[in-house]
Amino acid sequence: ADPTTVEATAEGGAPRRLSLGRYVWSKALGALVSLAMVVVMGFFAFRILPGDPAVSMTRGRRVSAGEVDRLRAEFGLDRPLYEQFYRYVVDLFQGDLGISYTYNQPVSQLIAEKVAPTLLLTGTAAFFSVVLGLWLGQRAAWKRDSGFDRTASGVSLVLWSVPTFWLGLLLLMLLGGPLPTGGMVTPGTNFTGFEYVIDVVRHLVLPVTTMVAVTFAQYLLTMRSSMLEEMGADYLTTARAKGLREDTVRTRHALPNALLPTVTLIFMTLGHLIGGAVTVETIFSWPGLGYLTYQGLSTPDLPLLQGTFVVFSAIVVVMNFIADLIYRVLDPRLKAAS
């Protein structure tokens, strides 16, 4: 049989062959459509923001109306909207995200400088969220209706419901003394090597804790639900009949099958986690893409906002596309149902 196809049953009972290539193409086409919508929204969404960028850039200085008009002409703000959109799309396909009004630097360069801190923050938060959520989820399911189950599920739901900015501010008030409250490194220091790593880790504690607290619940609840579905399966009864200990039955048999929905959830939520870093980075002045986006809102810096919006949205679309592919590979039932 062709390894790229599987047999499925059509509605009338007749078998049909489903091509893996066709599945990938359909998902890729959906991702491309989503990216096209992102490009359009990335332009028009920020054009409805109140305020004139040229006026904002000259705020606090005495300038004539002619100088303001010159700024509008310099940044192309005096052109018709369709001309601005055409120029935006052409430049975007050439990898040019424009020049920031605020920093007077290429937006692509600014994003490249800020992407590493954001990946460090979100990657660390994602790791701890996944580990904590999966461990608590499988333990809570295995001890269903116990005090551990009720406590873990209840606490996770409460934290998941708390607004991120509120939790961040609360942590600032409670732990802002012994731990750094902003930035990525301590100002005025020239740490290198191990001292630098320790300094960065100390600055990571509060923002990572905030992100983990509001995101690990989805992994916990998904893992718990999956484990509960597996606990009544016949193969677990067979494993117990062989004399295997409960811990072995859980970790070697139930857990691998229960992980399937969570694996795809990780990829799907990773993109949203990066995009959701705006609030956390702003609260803790973390020098990443989220804080850069917040600073761009004050002008408003249209090229900078457009660039970060496209980058954040593209990450979400790509991660969802990867999740679809992984789910197709890991779950043979999806092959038959597609």
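Q: Which residues form one aromatic cluster with F43?
A: F43, F44, F85 and Y88 make up one aromatic cluster. The model is a predicted one, in which local features need pLDDT of at least 70 and side-chain atom pairs count only at pLDDT 80 or more, while totals for chains, interfaces and linings use all residues. Residues are numbered from 1 along each chain as its sequence is written, and side-chain values use heavy atoms, with hydrogens and water left out.

Q: How many aromatic pairs are there?
A: The structure holds 8 aromatic pairs. Rings of Phe, Tyr and Trp (its six-membered ring) pair if their centres lie within 6.5 Å; planes under 30 degrees apart count as stacked, over 60 as edge-to-face and the rest as tilted.

Q: Why is the pair of F43 and F44 edge-to-face?
A: The ring centres of F43 and F44 are 4.8 Å apart and the planes stand at 85°, so the pair is edge-to-face.

Q: F43: buried or exposed?
A: F43 is buried, at 0% relative accessible area, whereas F44 is partly exposed at 36%. Buried means under 20% relative accessible area, exposed over 50%, and partly exposed in between, with a 1.4 Å probe and protein chains only.

Q: What lies over the face of F148?
A: K143 does, at 5.9 Å from the ring centre. A charge sits over a ring if NZ of Lys or CZ of Arg is within 6 Å of the ring centre and within 35 degrees of the ring normal.

Q: Turning to pockets, how much space lies in the largest pocket?
A: The largest pocket holds about 460 Å³ of space. A pocket is an open set of points on a 1 Å grid over the protein atoms alone, with protein on both sides within 12 Å along at least five of seven lines; a cavity is a set where a 1.4 Å probe fits but cannot get out, and lining residues have an atom within 4 Å of a point. Grid points are joined across faces, edges and corners, and a volume is the space filled by probe spheres set on the points.

Q: Which residues lie nearest its centre?
A: F75, R87, D91, G98 and P303 do, out of 20 lining residues of the largest pocket.

Q: And the largest cavity, which residues line it?
A: The largest cavity, of about 30 Å³, is lined by P180, T181, G182, G183, H203, P207, F284 and W286.
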